[in-house]
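Please keep the sequence and the structure at hand while reading.

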Amino acid sequence: MVSRFAPFRIKVVEPIRMSTRVERERFLKQAGFNLFGIDSESVLIDLLTDSGMSAMSARQWGALMQGDESYAGGASFRRFQAAVQDITGFEHVIPAHQGRAAERILFSVMCKPGDVVPGNTHFDTTRANIEHSGASAVNLLCGEALELSTAYAFKGNMDVAALQGTLDRFGRGRIPLVMLTVTNNSAGDQPVSMANLRAVKTVLARHGIPLFLDACRFSQNAYFIQQREAGYQRATVREIAREMFSLADGCTMSAKKDGLSNIGGFIALGDGELARRMKDVLILTEGFPTYGGLAGRDLEAIAIGLEEGLDDHYLQYHADLTRWLGERLSAVGVPIIQPPGGYAVFINASALLPHLPATAFPGHALAAELYLEAGIRTSATRFPSAHVPLREIDLVRLALPSRVYSTSHLEYVVEAVARVYQNRAAIGGLQMVYAPPVLQNFTARFARITRSTTDPDLELAAAITPRSHT
Ligand SMILES: Cc1ncc(COP(=O)(O)O)c(C=O)c1O
């Protein structure tokens, strides 16, 4: 039974500015058809990302006033540290200003040029930080994940046989760690099962290789284990999360997701010597180990957000709202990755716009059309990033920031997507007119295609397609 009952009431509201289609056409052109370039006041429903966009609770707002802004030894850090230790069981807690800062510190300390870091699917910033350290990021995603329209329970899993093969090939000497991203965001926000975590851990233990979690959405992953994996129905999400962390040696975290905070992140781990080396890097770039690039008040908000994000009722509401959105879109014929994830629904833009080749950026074209039609901001991405065997598929992600939008907003989204779907044959493609050298998604610029889509210039543009999203 889908229960979309919101386990909170609203205390503060933020008005949404209405806009007309004519205005949005102008904004879109000014932004080079890249929705990252649109002013937020010109967006009606912002589904660009969940990251850092959640609504804080009254308790979090209250705690901001308790922030201890001392440079060293602040009480806010101790409260934050205690919350992270309690949830993860890891002794050493290193704050950072967001997830990618934690990743940079982790990989710069653990990796050297020539190393290989296997993962289920590395998130864009994770991959970039691994590569920045001179190592290579390898995705070993399970086969079920490639069947986009089939609803397997744990499509975020790692292919354990492929992991074994990678270990045999490169050995302990070249694999300093393995990383599992929970939930697996870049593979359609799909969960990883406890059985898979345990199988990965067993293989790694034989080789003495540490396992780290990219724990951005650990509580949503734990919730899916509770709902879908045999033997966990009676456990609380918190207990399941603790078991997940007990199979790992450490984690990185962006508190902007399941920390229900607007900024922040951390590394947590058991190895004291590694933690000491990471703190040395932290001091160089983020700050003293008791604030790590954050204000004391941010640490307070995260400590509470982590707890609130583990509440079973909240998690049920959030996952059910996402599932409801996915089911409604499917019901009108929109092709999506099945099943919907914990926070996002991914529309298969390549399938929805079969008349547009990859060279005409169907994902970006669909995202632009949704904005034009209804002021809805989404993000375009490709699946599966860095998987060569399968033709890349353009996706449009509808991400639900926590505690921000109601069912009435999402009804509006469903109606708008349905209208766009009805008129899909008329949607034209885009061509990339500016391709920045790094993290292209944020600043690439596009224009409507007015020439033949078989133009060789467009083939060239496709080769430099942006991938990253947040
Ligand atoms: C799975 C995953 N890992 C890491 C990150 C990076 O976190 P941050 O945006 O806080 O740097 C993200 C952000 O979206 C993510 O989804």
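How many nonpolar, polar and charged residues does the shell around the ligand have?

## The shell around the ligand

By class, the shell around the ligand holds two nonpolar residues, 10 polar residues and three charged residues. The model is a predicted one, and in it 15 residues surround the ligand, the closest being Gln98, Gly99, Arg100, Phe123 and Ser254.

Two helices take part in this shell: helix H4, which spans residues 99-110, and helix H5, which spans residues 124-132, each supply at least two of the residues around the ligand.

## Overall form

The protein contains 17 helices and 14 strands. Its radius of gyration is 22 Å, close to the 23 Å that the globule rule gives for 470 residues, so the protein is as compact as a globular protein of that length. Taken along the principal axes, the box filled by its C-alpha atoms is roughly 60 × 55 × 45 Å.

Of the 470 residues in the protein, 52% are buried.

Strand S2, made of residues 92-96, is mostly covered, since five of its five residues are buried. The cover extends to both faces of S2, with His92, Ile94 and Ala96 buried on one side and Val93 and Pro95 buried on the other.

S2 pairs with strand S8, residues 265-269, in the antiparallel sense, and five bridges connect the two strands. Within this pairing, valine 93 stands opposite alanine 268 of S8.

## A three-stranded open sheet

Another group of strands forms an open sheet of three members in the order S9-S12-S11, with antiparallel pairing. The edge strands of this sheet are S9 (344-348) and S11 (379-383), each of which pairs on one side only. From one strand to the next, the twist averages 35 degrees.

S11 and strand S12, residues 393-399, run antiparallel and are joined by five bridges; alanine 380 has valine 396 in S12 as its bridge partner. Helix H12, residues 312-331, lies across S9 and S12, and runs at about 20 degrees to S9.

## Leucine 64 in helix H2

Leucine 64 belongs to helix H2, which covers residues 58-64.

When residues up to four places away in sequence are left aside, leucine 64 touches Arg297, Glu300 and Ala301. By contrast, leucine 64 and asparagine 120, which are 56 residues apart in sequence, are 36 Å apart in space, C-alpha to C-alpha.

## Cis peptide bonds and positive phi values

Most residues other than glycine have a negative phi, and most peptide bonds are trans.

In the loop between strand S5 (178-181) and helix H7 (194-207) lies threonine 183, which is joined to valine 182 by a cis peptide bond with omega at about -15 degrees. Aspartate 189 lies in the loop between S5 and H7 as well, and has a positive phi of about 55 degrees although it is not a glycine. Is aspartate 189 buried or exposed? Aspartate 189 is buried, because 26 other C-beta atoms lie within 10 Å, against a cut-off of 20 or more.

A further cis peptide bond joins glutamine 338 to proline 339, with omega at about -10 degrees; the place of proline 339 is in the loop between H12 and S9. Arginine 403, found in the loop between S12 and helix H15 (407-422), is a residue other than glycine with a positive phi, near 65 degrees. Arginine 403 has 20 C-beta neighbours inside 10 Å and so counts as buried.

Notes: Residues are numbered from 1 along each chain as its sequence is written. This is a predicted model: local features need pLDDT of at least 70, side-chain atom pairs count only at pLDDT 80 or more; totals for chains, interfaces and linings use all residues. A residue is buried if 20 or more other C-beta atoms lie within 10 Å of its own, exposed if 12 or fewer, and partly exposed in between; C-beta atoms are placed from the backbone. Helices (H or I, at least four residues) and strands (E, at least two) are DSSP runs, numbered from the N terminus. Two strands pair if DSSP finds at least two bridges between them. A residue is near a molecule or strand if its C-beta atom, placed from the backbone, lies within 6 Å of it. Ala, Val, Leu, Ile, Met, Phe, Trp, Tyr, Cys and Pro count as nonpolar, Asp, Glu, Lys and Arg as charged, and the others, Gly among them, as polar. The radius of gyration is taken over C-alpha atoms; the globule rule is 2.2 Å times the number of residues to the power 0.38. Axes are lines fitted to C-alpha atoms, for helices over the stretch in contact, and angles run from 0 to 180 degrees between N-to-C directions. Two residues are in contact if their C-beta atoms, placed from the backbone, lie within 7 Å.
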